[in-house]
Amino acid sequence: MLHPTPPPGGCPPPTTRLLMLGIVLAAFNLRPAITSLGALLEEVRDGLGMSGSVAGLLTSVPPLCFAVFGVTAPRLARRFGPGAVVWAGMVAITAGLLIRPYAGGTAGFLAATALALMGIAVSNVLMPVIVKRYFPDRVGSMTGLYSMALAFGTSIAAAATVPVTNALGGGWQPGLAVWATLGVAAVLAWIPFVRHREAPQSASASERTADAPGGRGAGPAPEQPPLRITRSRTAWALAVFFGLQATAAYITMGWMAQIFRDSGVSAGTAGLLLAVIMVMGVPLAFVIPRVATRLPHQGPIVLVLGVCGLAGYAGLYFAPVGGAWAWALLLGISNCAFPLALTMVGMRARTGAGVAQLSAFAQSTGYLISIPGPLLVGVLYQHSGGWGLPITLMCALMVPQIVVGVLAGRDRTVEDEVGR
């Protein structure tokens, strides 16, 4: 069972190994629900009779669910314990993935998708909290491990969904449902942590003494009141940065394979191109957080990722087929703004409680900001009859993402800005 007040070095060794396995398996399950759908979006649209606008709404469901349900994660974690909430999240993901292909009709498909995304939402918010609390001196490396597993699961689902669907007879229903098997492993891995509770009356030893990336050494007193998080400029900058990178990510996961297919690329190759975009996050998601925690200001990393995104979208606009693999590589690098955002969440607050508040605020607000993007892409595509306007929109959004990312990367904490 997880130790409620870990020593300064983190969890006891056996629990550390179990928790690391649980984090990896959970992260592996946080995106296949989305990228598997993106690879088969055309088949799902035809099978359910969706218009382009409704399909755009479908691609906007992930950030909507993340915003609505993610904000509840800290409260649920205080009531039931973070392990129990993550375990329940894995159960919801597994059930949603299994049910949605056979739910019957668009409404049932959306409802089952929302169930899976609800599980993803609470797990999204609690992962930085768990890393901060139980690995306080390894925030960068553990965030990198988690992000790398997330990127690997994302890319595997993007690349394998079409071949797996063909191997299962060509029907999109089993091609989507098969990803529920990944959730079973994560459900089992989190069972040992279901009965754990946080110690509410005092700060952990790691929070009192940690002087590591993401922590500044000055611990909180017992029974600390909540931060007035909305008064922090850094929190708002981080939330907007999170929202804009999420907009790009969910447009990519929902529409990029279709963009390549409409340009003349086969369905299988389009899925591979989407997988390339996602698989870039496997090595970079491990490297970027480690580099970020060693820098006083993360703005230079934000700038590099943004320039890669601008170049990738420009190439996609002018030569979508001829340079497809190069654009996929550039957009894959740009998509690594996600692990950078998670790392900055851990660095912009001193304590586990502060990280919990900042994570919930930045992710929930950010996902609210990202909701219109995928829907707007679907509307623009349907009414313009091509991908020129949607790609222009994606490129334009990269500019404010760079600006707010630089602001969020400044060396300060939300506690310094707002007090209590």
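**Basis.** I worked from a predicted model, in which local features need pLDDT of at least 70 and side-chain atom pairs count only at pLDDT 80 or more, while totals for chains, interfaces and linings use all residues. Residues are numbered from 1 along each chain as its sequence is written, and side-chain values use heavy atoms, with hydrogens and water left out.

**Entry 1: Ser51.** I located Ser51 in the loop between helix H3 (41–48) and helix H4 (52–70). Helices here are DSSP runs (H or I, at least four residues), numbered from the N terminus. The C-alpha atoms of Ser51 and Val379 are 9.8 Å apart, although 328 residues separate the two along the chain.

**Entry 2: Cavities.** Rolling a probe the size of a water molecule over the atoms shows where empty space is left. A cavity is a set of points, on a 1 Å grid over the protein atoms alone, where a 1.4 Å probe fits but cannot get out; lining residues have an atom within 4 Å of a point. I found six cavities of 30 Å³ or more in the whole structure.

The largest cavity has a volume of about 240 Å³. Of its 19 lining residues, Leu150, Thr154, Met278, Asn335 and Phe338 are the closest to its centre. H12 supplies the largest share of this lining, five residues.

The second largest cavity has a volume of about 100 Å³. Its lining has 14 residues, of which Ile34, Leu37, Leu58, Thr59 and Pro62 are the closest to the centre. Helix H2 (32–39), H4, helix H7 (105–134) and H12 each supply at least two residues of this lining, and H2 gives the most, with four.

**Entry 3: Aromatic rings.** I noted 13 aromatic pairs; rings of Phe, Tyr and Trp (its six-membered ring) pair if their centres lie within 6.5 Å. One aromatic cluster is formed by Phe66, Phe242, Tyr250, Phe338 and Tyr367. The charged end of Arg31 sits over the ring of Phe338, 5.2 Å from its centre; this requires CZ of Arg within 6 Å of the ring centre and within 35 degrees of the ring normal.

Key. On a 1 Å grid over the protein atoms alone, a cavity is a set of points where a 1.4 Å probe fits but cannot get out, and a pocket is an open set with protein on both sides within 12 Å along at least five of seven lines; lining residues have an atom within 4 Å of a point. Grid points are joined across faces, edges and corners, and a volume is the space filled by probe spheres set on the points. Rings of Phe, Tyr and Trp (its six-membered ring) pair if their centres lie within 6.5 Å; planes under 30 degrees apart count as stacked, over 60 as edge-to-face and the rest as tilted.
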